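Good morning, colleagues. Please keep the sequence and the structure in view as I speak.

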Amino acid sequence: MTNARNLTAPVVPAVPAAPAALLPAPNPATLPGWLQRANFWTEDMISRAGLPMYDVPIVSVGGGMGSFVTTNYLRVVGGVPAEDIRVLSNASHPWQTYEYLATMSQIPRWDRIRSDSASRPDNLWGFPSYALQETLKNKTLLPLMRVLLEPVFAHFYTPVLGTVLDSIKAEAERMRYWDMLVQGEVWTVRRRTGGGYFVVLAPRLGAPAGATGPLTQPVVFRCRDVHIAVGYSGLRFLPDLQEFRLKTNDYHHMVNAYENHEHIYSALMSKRPITVLVRGGGIVSSRVLERLISDRKKHGLRTNIVQLLRTYYDDFHGPHQWARRKGKDGFAYQGFNYPKSAWGGQLRFRMDRLEGDDRVEVYDEIGGTTTAWRTHWQRQLRTAHREGWYHTEQGIVEKFGLDGDQVVATVKGRDGVRQLRADYVIDCTGLDGDVAEHRVLRDLLEHCGARRNPLGRLDVERSFELRGAANGEGRIYVTGAASFGGYFPGVDTFLGLQISAQEVVDDMARRGLFEKMGPVRSLAQWFKWAGNRKI
Amino acid sequence: MVPTILGRIQTRLFLLAIVGGILTALITPVLPVDGPMGDRFQATFIVLAAIAVIGIAWELIYHFVMQWRWEKDWPTLFGLLTLVPEGIAVWLLAHNDLLPGLPGAVPTDAFLIHFLVVWVIVWAVANGPMRVPFIRWRFRGGRLV
């Protein structure tokens, strides 16, 4: 006996209103061992474990940008009612993690992010673009002129972070995102004997939007399909950084750029000569440099900056004339995270045909850390170079050590091994994409038949269905960072999430779950969006 | 835009047929040109067809040029400025009565108005409104089928 209803009659889990089942449990940290070990679960097993069960056809695990975009497609393109979808997440709003990472990496709400004008998570048509919206709102043609001239005569137009987040909030309200959200910690996804899946969530006490209380006793969602977009497993702490922290227990002198590191900028305000080692040559390092250089100029500081680059690009680089990327002064330059044609052009179609090593080769060709070419950054770097308080070093860190109040980096470069001394190190080497580091993803590999792709992340079909995890009429779809390395590059971007979501809903339409959206319905839905009419 | 070769050709033919066709039908009666209405429509639609058909060859050239771009994109401005070589080529053919089916030489002012209206509006539609009815179009290199 279970308290679940039929799959076709979903129930809304009233968190935290549901009484006994959702009261705080003394130790909600584990499931019974016999349940954890089983690859397939049955309703009887759920009942035996004493877990309350709820039915809903589609569950999206993650609750970040990936869940937002995919549920937006399900609601708008698939016409799936909000009652048939549950988003299970630790986050109270879908842009929570994104905004945190953007803020930590020095992008305030009024500044511009590295994203295209037509990459609108809140608007699956990409029309009107952010540039057109900004033109109409501010009554200036400049944004549209920039789009007209980019990227040859002007650098790419990019939208303001605040505008992007506000538009996501408006669309989330329009599509009733918070009616779908159940806050808590997802523990596991398991196949159900007979088809579909069980998803275990330890709900968090508090109102559904903004729950902050303790975790309660786990509940189970029985569903037909699961969408998983949990993003990166965490910040990337390279082995040398981990070793430094373990050895010295020092979290002050060396930070990951995505960690809160305001204390470094505060220390610089003392106007003592302080050296900051910036590690990495990506967009985050450009942001950190911008802050360091702006602060130095604005407050008359005496900051010295050393930038450590693993690969030094001094010119155009690439295997042949038709694959040459711009490089200068150590950096590789590219408009966005991937070459633009990753999002629907030649590169997408080229990658789509490749398997195994051939695919890895193309990922290598377009890989490497890049940053954007922006005129004011170029001007800042030129000044810093000329005045002698900024220089770049090429090399790979062998180890970090602490000498008094300074960090000493042992670096192996083209000219041999040398030591670099700095008062602070800001590591801008990114986020951790290892799927084994994430509880839910690791569990998919161990218990749900999932495999790794040639780049080590989760192996998905062109439709983003997780290979090996299909169960009866049920499917698991994985989008976002965990699906990197598949047939479609660019998964961990706004537009990439939309392309992935489109493939997911098209696949669901092929499975007969709803009708594929044609031009007429698309137009009708766009007018609803333009009129901000709730769906 | 990030077109593929097939996407370029499909988008050109589709937009010229639908948007170009409607615009041509609307502006033909008001173009500064003499002659019976039947001949005028015949002339403007032959010119429109020439832009479409000769355009396939142009697209092959553009696609070749695009290969030198790392991003494999076709900037918005390129899509607008290519009206210059394409316009000159079609004008030379139309003005000298070299297009099959043309009832006579096309006057320059009428050609300019027709060509510019069609080109600029088709370009504008391709850079925005096209995405509204066709949600998969931009993610498939401009392919419609």
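A crossing is called left-handed if the near helix is turned anticlockwise from the far one by less than a right angle, and right-handed if it is turned clockwise. By that convention, H1(B) passes H2(B) in a right-handed crossing. The elements themselves are DSSP runs numbered from the N terminus: helices are H or I with at least four residues, and strands are E with at least two.

Before I continue, a word on the source: this is a predicted model, in which local features need pLDDT of at least 70, side-chain atom pairs count only at pLDDT 80 or more, and totals for chains, interfaces and linings use all residues. Residues are numbered from 1 along each chain as its sequence is written, while chains are lettered from A and ligands numbered from 1 in the order in which they are written.

Let me stay with chain B. Helix H1 (residues 5-27) and helix H2 (residues 37-66) of chain B have axes that come within 10 Å and cross at roughly 160 degrees. Axes here are lines fitted to C-alpha atoms, for helices over the stretch in contact, and angles run from 0 to 180 degrees between N-to-C directions. Angles under 35 degrees count as roughly parallel, over 145 as roughly antiparallel, 65 to 115 as roughly perpendicular, and the rest as oblique. H1(B) and H2(B) are therefore roughly antiparallel to each other. Their contact includes Leu13(B), Leu16(B), Gly20(B) and Gly21(B) of H1(B), and Leu48(B), Ile51(B), Ala52(B) and Gly55(B) of H2(B). Two residues are in contact if their C-beta atoms, placed from the backbone, lie within 7 Å. By class, the contact of H1(B) with H2(B) has ten nonpolar, six polar and three charged residues. For the classes, Ala, Val, Leu, Ile, Met, Phe, Trp, Tyr, Cys and Pro count as nonpolar, Asp, Glu, Lys and Arg as charged, and the others, Gly among them, as polar.

H2(B) has a further partner. It packs with helix H4 (residues 83-95) of chain B at an angle of about 130 degrees, the axes being 10 Å apart. That angle makes H2(B) oblique to H4(B). The crossing of H2(B) past H4(B) is right-handed. On the H2(B) side we find Val47(B), Ala50(B), Ile51(B), Ile54(B), Gly55(B) and Trp58(B), which meet Glu86(B), Ala89(B), Val90(B), Leu93(B) and Ala94(B) in H4(B). These residues divide into nine nonpolar, one polar and one charged.

I turn to chain A. Its domain assignment gives domain 1 (32-96 + 169-233 + 434-530) and domain 2 (235-314 + 370-432); such bounds come from an automatic or database domain assignment. The C-alpha centres of domain 1 and domain 2 of chain A lie 38 Å apart.

In chain A, the axes of helix H3 (residues 65-76) and helix H16 (residues 494-510) come within 9 Å and cross at roughly 45 degrees. H3(A) and H16(A) are therefore oblique to each other, and their crossing is right-handed. Among the contacting residues are Val69(A) and Tyr73(A) of H3(A), with Ala501(A) and Val505(A) of H16(A). The contact has eight nonpolar, four polar and no charged residues.

Now the sheets. Five strands of chain A form an open sheet in the order E10-E19-E11-E12-E15, with parallel pairing; two strands pair if DSSP finds at least two bridges between them. Strands E10 (254-256) and E15 (390-394) of chain A are the edges, each pairing on one side only. Within this sheet, four bridges join strand E11 (residues 274-279) to strand E19 (residues 424-427) of chain A, and Val276(A) stands opposite Tyr424(A) in E19(A).

A further open sheet has three strands in the order E16-E17-E18 (chain A), paired antiparallel. Its twist averages 20 degrees from one strand to the next. Seven bridges join E16(A) to strand E17 (residues 406-413) of chain A, and Ile396(A) has Lys412(A) as its bridge partner in E17(A).

Some backbone details deserve attention. A cis peptide bond joins Phe127(A) and Pro128(A), with omega about 0 degrees. Another cis peptide bond joins Glu150(A) and Pro151(A), with omega about -15 degrees.

How many residues does each chain bring to the contact between the chains? Chain B gives 24 and chain A gives 34. The chain B side has twelve nonpolar, five polar and seven charged residues.
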